[in-house]
Amino acid sequence: MDALYWINLIVGGVFVLLSLLSGGDADMDADMDAELDLDTEADLGAGSGWVDLFSLRTVFLFAAFFGLCGVLLPLADVAGITRLIASLGVGLTVGIGGNYIIKRVGYAHISSEVTASDLKGRTAEVIIPFSHSDKGKIVLVTKGQRMQFQARGFEGVEDVFTEGEEVVVVRMEGAVAEVVKTT
């Protein structure tokens, strides 16, 4: 039985260490899928909110910690079925829990990419005058970035927008902001 623990510790441990040493990339599943031509997440249909129990990350985390626990427990005079049950419990907890944490925290997407919905309702300053029939330019700050956009008056608005005037972005039509005056 000792050989089972050692094999799991070595095989699982090697892949967990490779994952940690590969530049901090937590995407072991994608890396392994590309290498082995597998697509476990697509094949097994990982649903939203559920942990994919059969991902390679889960298997390797389970193997590493199942083996580690099985190797270390005899040092505390734990043997037999108690050793097996404790090793299975630790392996399952770390495998499933680790996979869950990596998916929820490691893959949280933080983006500084600005979308049209980020611009809607933003106050901007006119830097090149314009009206509804012609285009000018506005400048605004969003997500910590100072950005310039071509602009025109919102449909049906016949106002003239002068330099330095504050406007509000109503919507984006492609790369052109449609605006109205703030007052």
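Guide: Gladly, beginning with secondary structure: helices (H or I, at least four residues) and strands (E, at least two) are DSSP runs, numbered from the N terminus. This is a predicted model, where local features need pLDDT of at least 70, side-chain atom pairs count only at pLDDT 80 or more, and totals for chains, interfaces and linings use all residues. Residues are numbered from 1 along each chain as its sequence is written, and side-chain values use heavy atoms, with hydrogens and water left out.

Visitor: In which strand does Ser131 lie?

Guide: Ser131 lies in strand 2, which covers residues 130-131. A strand needs at least two residues, so that run qualifies as one.

Visitor: Why is Ser131 called buried?

Guide: Buried means under 20% relative accessible area, exposed over 50%, and partly exposed in between (1.4 Å probe, protein chains only). Ser131 has a relative accessible area of 15%, so Ser131 counts as buried.

Visitor: Which residues does Ser131 touch?

Guide: Contact means heavy atoms within 4.5 Å. Leaving out residues up to four places away in sequence, Ser131 touches Arg152, Gly153, Asp159, Val160 and Phe161.

Visitor: What makes the pairing of the Ser131 and Asp134 side chains a polar contact?

Guide: A polar contact is a pair of N or O atoms within 3.5 Å; within protein, one must be able to donate a hydrogen and the other to accept it, and residues adjacent in sequence count only if both atoms are side-chain atoms. The Ser131 and Asp134 side chains are at 2.4 Å, and the side chain of Ser131 also pairs with that of Ser133 at 3.3 Å. Both pairs are therefore polar contacts.

Visitor: How do you know what span to expect for helix 1?

Guide: The expected span is 1.5 Å times one less than the number of residues. Helix 1 (residues 2-21) has 20 residues and reaches 28 Å from its first C-alpha to its last, close to the 28 Å expected. Among its buried residues are Tyr5, Gly12 and Val16.

Visitor: What makes a group of residues a nonpolar core?

Guide: It is a set of buried Ala, Val, Leu, Ile, Met, Phe, Trp, Tyr and Cys residues joined through side-chain atoms within 4.5 Å. The largest one here has 15 residues, of which Ile138, Val169, Ala177 and Val179 touch the most other members. Strand 6 gives the largest share, 3 residues. A second, separate core of 5 residues includes Leu56, Phe60, Leu61 and Ala64.

Visitor: And how many helices and strands does the protein chain have?

Guide: There are 6 helices and 7 strands.
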